[in-house]
Amino acid sequence: MKALLIVTLAVQSAGSDSWVDRGEANAAVAKKFLERYTSLSSTNLEEYAPLLADKVTWVVNPNGIPDSSFSMIGAWRQVITANAEAYSWMAFSPASLKAGSFGSDHLVAINKDSNGKTILGTSTFRIEASSGKGAAQDGVEGTETVFKVFVQLDFNDDHRIQAVTLELDSGIAHYLRRRSISVSQEALADKPELISDKAWTWCMNGAAACFFTLFGLACGLVYKKNIGAVKQPMLLG
């Protein structure tokens, strides 16, 4: 009985070490990924290759309001490009540029229920609204916001990340987006020549649409008049 108990405890211990070892290895990769993702100096996407699966499921705010949510599946280069376009209304604050990173205080923990294949974490992001000038560093002064982002990283059997889920306060995201849109509209109002160009384009398009509509009606009337004037012979009777 004593020998059986020792064997049982040994098996349990081996199983415990298995998920712990797997979890610790994945946690180290998760920490490295968060540091690299938020670093402003890490622009070489090839550096992510050892950390990520060939295809990554990327989800931002799955339960958030529509203008703060985004998701896709693809190669990392596709994902990061599409994510930048989806959140073009976010910019790096001066403090982020000075620190060389828009994220800090990366904490990770192993999810035991996943057998060590899911890592949970948090990061502190420092972001501001974009001015719409097209550069990530052109932010709107006075809109810098510091907030927590909750992270879930799911790993495959090769200790590579195959799914990333980021969750942040939808209210903060909505505020940054609205401020970015507001500033872009103000910039447009300060340049009447841009508005004039747009108005001229709209007028020209409208004029063209009216011309073709009237031309079509005129052709229809002429066609109807000519058809009505033709005397068709009686075929029956």
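Of the 237 residues in this protein, 31% count as buried, where buried means under 20% relative accessible area, exposed over 50%, and partly exposed in between, with a 1.4 Å probe and protein chains only. A quick note before we go on: this is a predicted model, so local features need pLDDT of at least 70, side-chain atom pairs count only at pLDDT 80 or more, and totals for chains, interfaces and linings use all residues. Residues are numbered from 1 along each chain as its sequence is written, and side-chain values use heavy atoms, with hydrogens and water left out.

Now, the layout. The protein has five helices and seven strands; these are DSSP runs numbered from the N terminus, helices being H or I with at least four residues and strands E with at least two. From the N terminus, the order reads α-β-β-α-β-α-β-β-β-β-α-α.

What about the inside? The largest nonpolar core holds 36 residues, and Phe33 and Trp58 have the most contacts within it. By nonpolar core I mean buried Ala, Val, Leu, Ile, Met, Phe, Trp, Tyr and Cys residues joined through side-chain atoms within 4.5 Å. Helix 1 gives this core its largest share, six residues.
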